Amino acid sequence: MKLYIITGIILLAGCKKYLEEEPKKQASIQTVAQLEALVDNAPIFYEEADITSVYSTDDNEITKDLYKKNPGAFTIDNMQYYVFSVDGLIGAAADALWNAEFKKIFTANLILANIDNVTGDQATRDRVRADAYFIRAYSYWVLVNHYCAPYLEANMNSMGLPIKNSIDYTGSLKRATLKETYDFILENIAEAKKTAYDDVDPRRAWRISQKAIAAFMSRYYLFTGDYDKSIEEANKALATTTAKLVDYKTLIPGRATTYANPAVTLNYNELNDWVAAKFLYWTEFYYTRYIYNGSQWFIPSAALLASYDQANDLRYKNLMMPNGGRRFSVVEPATFRYTMFSDGRNAPTGPTVAEVLLNKAEALARKNEAGPAMDAVNMLRLKRMSTYIALTAADKNDAIKKVLEERRREMPFAMRWYDIRRLSVNDHPADDIAVTRDFFNVSITGIDVNTPKTYTLDSKRYLLPINGVEIDASKGQLTQNPY
């Protein structure tokens with residue numbers, strides 16, 4: 001695989017420099033190949049440091065016993081996310097997720113600012129233009145689902161995001177409304193739809209196609225409550241001939257790692273050993289995007305583990321590693337680790353065939369079509385179970401419950417934060433998710449293991465606070481979320 005790194009074109013370390021500093025003279029952009037290389041640049045594929053998805057949901061659990069015996073295994077910065085801190089995040093040195101996604105937005109803006117002025121054939125120019133619009137739309141989707149109120153008619157006039165559609169460093173940093181932010185996402189999707197490419201390119205699944213856009217829009221409409229459109233877009237996406245479900249029964253053993261005192265062997269499957277040259281080509285992708293966890297430790301909660309059929313579910317057997325904490329010298333208590341790609345660094349967040357089936361299933365269930373909803377879920381389960389056991393549903397409520405349980409099993413960590421937010425504001429109270437922590441007192445400066453404290457994720461903290469460095473750099477233009 002050839003990953004292009006174009007030095008001299010993107011020199012910005014993150015959103016802060018992009019927003020507050022006048023750009024320095026950059027290398028001349030002369031050809032469409034240079035802009036195409038930006039689309040193929042590896043950082044585009046990752047949601048860097050989405051610590052919220054790793055630490056802030058009920059998929060994650062750090063027990064008091066685990067922390068007390070292994071305090072060095074956790075950073076104070078990550079624990080701020082674990083207990084839903086506001087002050088600790090406002091006061092942090094930087095916000096890596098905010099910076100990384102705005103850097104992608106700057107990359108898209110850089111492409112769009114130059115695409116009509118470079119040499120190269122028109123077909124390549126049109127494709128790169130469509131890619132840039134989708135990159136921008138997707139990053140705004142990530143940001144709006146972290147820093148803004150959940151999608152709800154009553155929230156449409158609340159604060160959205162600064163709309164950055166140029167490389168002009170003097171542009172306004174004032175937050176648009178939530179409606180204006182979602183409208184901007186749809187405007188970019190409309191431009192991306194002009195791509196001439198219908199289906200996923202298996203050699204470069206990070207390039208946009210009509211099927212990839214349909215897959216994303218099945219997610220978009222599910223989240224915004226338009227179930228008919230979600231089903232329509234899911235059906236378009238599922239007509240793909242290149243993106244395919246992987247049968248987990250075909251996974252082969254990977255490397256085994258043995259530890260002493262006490263002796264234990266961790267038997268990984270092949271996915272754990274996959275590096276970028278393989279996992280970027282995961283055949284289930286419509287569009288390549290990963291959550292990146294540099295600590296390599298997704299710690300599954302007891303509730304998440306209990307949600308699996310542990311005798312038959314190959315997601316449990318292959319991806320939930322007992323004694324996985326030994327990877328980080330954690331002996332007691334014995335702790336599971338969720339590990340999918342690259343030794344637990346990466347988990348898919350881009351639209352996949354599995355997700356689209358679940359989007360369709362949930363939309364059908366909410367339309368009181370329990371049978372077809374279960375049919376969609378069971379298409380996925382057929383590829384995930386050692387002994388196939390079909391799900392059935394007695395009625396609408398049972399179908400919704402079972403689809404959401406399957407969704408959690410299929411996409412732990414990666415999509416749980418998004419689901420917690422959206423389910424809190426829909427018209428079905430039975431699917432609300434409560435997240436509590438029985439832990440210790442956590443402050444900006446440290447953790448007091450002598451003071452137990454219970455934390456509850458409330459609706460105000462569904463919105464990540466904007467980092468104080470960004471607020472200060474904006475010179476009064478950026479407004480903090482209300483807490």
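Predicted model: local features only at pLDDT ≥ 70, side-chain atom pairs only at ≥ 80, totals over all residues.
Helix 9 spans residues 178–192, and helix 10 spans residues 210–223. Their axes lie 11 Å apart and meet at an angle of about 160 degrees. Angles over 145 degrees count as roughly antiparallel, so helix 9 is roughly antiparallel to helix 10. The crossing of the two helices is left-handed. Helix 9 contributes Tyr182, Ile185, Leu186, Ile189 and Ala192 to the contact. Helix 10 contributes Ile213, Phe216, Met217 and Tyr220. Nine of the residues in this contact are nonpolar; none is polar and none is charged.

The largest nonpolar core is considered next. This core holds 146 residues. Those with the most contacts inside it are Ile62, Phe134, Ile185, Trp282, Tyr286 and Phe439. Ile185 also belongs to the contact of helix 9 with helix 10. Helix 8, residues 122–147, gives the most to the core, with 14 residues. In soluble globular proteins, nonpolar side chains tend to be buried together.

The surroundings of Trp282 can be listed in turn. Residues up to four places away in sequence are not counted here.

Leaving aside neighbours within four places in sequence, Asn378 is in contact with Tyr388, Ile389, Ala390 and Leu391.

Note on methods. Residues numbered from 1 in each chain as written. Heavy atoms only, no water. Axes fitted to C-alpha atoms, helices over the stretch in contact; angles between N-to-C directions. Helix = DSSP H or I, 4+ residues; strand = E, 2+ residues; numbered from the N terminus. Parallel < 35°, antiparallel > 145°, perpendicular 65-115°, else oblique. Left-handed = near helix turned anticlockwise from the far one by under 90°. Contact = heavy atoms within 4.5 Å. Nonpolar A, V, L, I, M, F, W, Y, C, P; charged D, E, K, R; others polar. Core = buried A, V, L, I, M, F, W, Y, C linked by side-chain atoms within 4.5 Å. Buried < 20%, exposed > 50% of the residue type's maximum accessible area, 1.4 Å probe, protein only.
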